[in-house]
Amino acid sequence: MAAGPSVLVLEKAVKLLDCFTPERTHLSVGDLHRLTGLPVTTVARLINTLVALELLHKTGDTYRVGLRVLTWTAAATAASDLLEAADRAAAHLRDQTGETAGMYIPRGTTRVAVVVKLSHQSIIFRGYVGQLMPMRAGAAGKVFLAYDRHLLSAVLVEMNEGAGIEVPPELEAQLALTREQGWILTEQEREKGLNSLAAPVFDSTGAVVGALGIGGPSFRLNAQSAREFGPLVAETAASLSSRSGDGPKRSVGNSA
């Protein structure tokens, strides 16, 4: 059934709000038009409504996210037992491994950081809550791809610009290893000198709802340290799964 006019307007408003990130805190009408692809008149009309609702705030010729959104953020965080547990779990991993730790959740063909605990060391991975990263690179991305073949197909189509969805042998081996040992280490996939390690967090149906992991410089977080940290991260992620009603570990779609 086709979406009604109200739903379409809401989708456009969300698309506009999604343009704001920690790197893009202030955007003009032109910026929002360019980022969303929506007509300038539509962008202007949506902005006026969002400002009236205190979801956006005008500062000169630009706009930023309104303070009303903070009340929703606080309510969502307070209502989520899983996020509270993930916050403690990430702090535990940070203290045990010495590396930055956090949890990601899927968002289309990307993943977003919902919990981040920065390492206390001088050379670290500096992540932040709200940070978007591609599924195709990094340990957390591999976790999501290992258990969701539909997502894997979408990412492959995106990577190949629609040319095909054949899984490269190296990637297939990584995903199989993730399912076999319950965690995965990736080396310098997103950034030179940066490695990451992650394990899945399951919900009551067995679907992966999060990826708990650590990230750090390759001279500290490597194959040798992963032999110690991998089981620790997997065990900690399993404790989060039990809080969300750990179910059978199944993949979405065919994982063969």
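1. Glutamate 54 counts as exposed, because its relative accessibility is 51% and the cut-off for exposed is over 50%. The model is a predicted one. Glutamate 54 sits in the loop between helix 3 (40-52) and strand 1. Its phi is near 65°, a positive value in a residue other than glycine. Most residues other than glycine have a negative phi.

2. Glutamine 188 also has a positive phi, of about 55°, and is not a glycine. This residue lies in the loop between strand 6 (184-187) and strand 7. With 41% relative accessibility, glutamine 188 counts as partly exposed.

3. Strand 1 (residues 56-59) pairs with strand 2 (residues 62-65) in the antiparallel sense, over 4 bridges. Leucine 56 is opposite valine 65 of strand 2. The two strands make a hairpin with 2 residues between them, and glycine 60 in the turn has a positive phi of about 70°.

4. The largest nonpolar core contains 25 residues, and Tyr104, Phe144, Leu145 and Leu152 have the most contacts inside it. Two or more residues come from each of helix 6 (139-147), helix 7 (149-159), helix 8 (169-181), strand 7 (194-202) and strand 8 (208-217). Helix 6 gives the most, with 7 residues. In soluble globular proteins, nonpolar side chains tend to be buried together.

5. Which residues does leucine 145 contact, leaving aside its neighbours within four places in sequence? They are Met135, Leu151, Leu152, Val155 and Leu175.

Definitions and conventions:
Residues numbered from 1 in each chain as written. Predicted model: local features only at pLDDT ≥ 70, side-chain atom pairs only at ≥ 80, totals over all residues. Heavy atoms only, no water. Core = buried A, V, L, I, M, F, W, Y, C linked by side-chain atoms within 4.5 Å. Buried < 20%, exposed > 50% of the residue type's maximum accessible area, 1.4 Å probe, protein only. Contact = heavy atoms within 4.5 Å. Pairing = 2+ DSSP bridges.
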